[in-house]
Amino acid sequence: MLLLGIETSCDETAASVVKDGREVLSNVLYSQEPVHQKYGGVVPELACRQHTAVISDVVCAALDKARVELRDLSGIAVTQGPGLMGALLVGVSFGKAMAYRHKLRLIGVNHLEGHIAAVHLENRTVELPAVALVVSGGHTNIYFVPAHGPLELVGQTIDDAAGEAFDKGAKMLGLPYPGGPSIDRVSKTGDPNRIRFPRPFLKNDSLDMSFSGLKTSLRYYLERSGFPHASDLRIPDVAAAFQQAIVDVLVEKTVSAANRYGVRSICVTGGVAANTLLRRRLAEVCRERGRSLYIPTPGYCTDNGAMIAAAGYFHFHRERESPFLTLSPHTAPPMGGAWFTGI
Ligand code: KG4
Ligand code: ZN
């Protein structure tokens with residue numbers, strides 16, 4: 001089954017052709033980073049305009065690179081939400097028009113389900129049940145993934161997403177947008193133990209998380225230090241300590257979820273799953289405790305079209321399609337559920 005995946009939920013215009021839910025024939029991405037960089041964050045109206053300007057070229061490039069004609073496709077999977085409404089509208093409208101014109105099946109995919117489906121691009125089998133952490137700029141959710149039945153949300157941030165904390169923290173430190181990769185990079189030369197930022201909720205029983213207090217602590221710390229004028233402040237040390245606090249919370253809560261649900265497998269996806277320290281720490285704890293860890297390579301952790309095609313595959317495989325006329329962007333489209341099994 002050859003599927004075209006289209007992703008336009010935020011600031012990446014992405015399209016990919018994937019065979020049988022796994023084999024990536026092309027993965028084209030147009031990043032809007034330079035457009036949003038000077039504002040220190042994504043400007044929704046600019047994001048929509050950029051998507052509109054490049055979507056056609058990105059989709060054509062994905063088909064060309066895969067050496068696939070439109071008539072070879074079995075269907076189109078497009079991100080339906082959550083995301084920026086106007087940005088989603090560009091991808092959904094484009095996907096609908098293509099599907100209508102070329103009589104192709106169409107499915108609207110939940111972006112978070114897409115992130116989890118990215119695990120399948122590089123792993124033929126995922127041992128179930130599992131716990132999945134989806135950690136991005138907009139979400140920090142922990143799911144229980146049963147062998148049969150729908151995904152269950154068992155923990156989430158009660159305020160900022162971890163990616164948002166990275167982005168806002170980087171902005172306070174004067175590091176370039178997007179903040180996560182900047183903090184990741186700068187932290188490599190820093191000492192994470194010279195400053196200690198709080199780890200909210202770490203000691204309580206809940207699988208929920210909170211990151212807004214951490215951001216406030218960073219602001220107070222910088223104010224107390226007289227930043228940006230203080231001469232003795234080492235940005236790499238502050239960044240490393242800040243990153244360490246976020247990673248500690250994510251690792252601890254994910255491992256607690258795995259313990260609570262008695263699972264051996266842990267999946268971690270979403271933009272923040274590209275973080276070097278998070279990947280290293282998870283690999284360590286999973287090795288120590290005999291757990292299987294599934295994290296996509298960094299390019300499949302951040303937004304991409306292949307993950308949307310991978311999720312679409314599970315829907316089409318189960319004969320699910322979106323009603324053509326009424327498909328529209330949605331803040332919380334349904335998750336497919338049980339798509340790990342029986343394929
Ligand atoms: O999944 P994604 O590409 O888009 C959303 O669905 O939000 O995630 C983007 C988020 C941003 O907050 C970005 O700063 C963060 O992922 N991110 C990282 C890294 N790469 C991307 N955070 C920490 N370390 C990274 N290496
Ligand atoms: Zn995402």
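A: Helices (H or I, at least four residues) and strands (E, at least two) are DSSP runs, numbered from the N terminus. The model is predicted, so local features need pLDDT of at least 70 and side-chain atom pairs count only at pLDDT 80 or more, while totals for chains, interfaces and linings use all residues. Residues are numbered from 1 along each chain as its sequence is written, chains are lettered from A and ligands numbered from 1 in the order in which they are written, and side-chain values use heavy atoms, leaving out hydrogens and water.

Now to your pocket. A pocket is an open set of points on a 1 Å grid over the protein atoms alone, where a 1.4 Å probe fits, with protein on both sides within 12 Å along at least five of seven lines; lining residues have an atom within 4 Å of a point. Here the lining of the largest pocket has 40 residues, and those nearest the centre are Cys 10, Asp 11, Ser 136, Gly 137 and Asp 167. Helix H6 (162-172) supplies the largest share, six residues. Helix H1 (33-37), H4 and helix H7 (179-187) also give two or more residues each to this lining. By type, the lining splits into 17 polar, 13 nonpolar and 10 charged residues (Ala, Val, Leu, Ile, Met, Phe, Trp, Tyr, Cys and Pro are nonpolar, Asp, Glu, Lys and Arg charged, the others, Gly among them, polar). Domain 1 (2-117 + 300-317) and domain 2 (127-295) each contribute at least three lining residues; these bounds come from an automatic or database domain assignment.

His 115 in helix H4 (residues 111-117) is paired with Asp 303, which sits 188 residues away in the loop between helix H11 (298-301) and helix H12 (305-317). Both of these residues are buried (under 20% relative accessible area with a 1.4 Å probe, protein chains only; exposed is over 50%, partly exposed in between). Together with His 111, they coordinate the zinc ion (ligand 2), through NE2 of each histidine and OD of Asp 303, at 2.0 to 2.1 Å.

Pro 129, between helix H5 (119-122) and E6, is joined to Leu 128 with omega near 0°.

Finally, go back to H1. The loop between H1 and helix H2 (44-66) holds Lys 38, which counts as exposed because its relative accessibility is 66%. Its C-alpha lies 8.5 Å from that of Pro 176, although 138 residues separate Lys 38 and Pro 176 in sequence. Another lysine, Lys 103, lies in the loop between helix H3 (85-102) and strand E5 (105-110); it has a positive phi of about 55° without being a glycine.

Methods
Donors are N, O and S atoms within 2.8 Å of the metal (3.2 Å for Na, K and Ca); water is not among the atoms, so sites may look incomplete.
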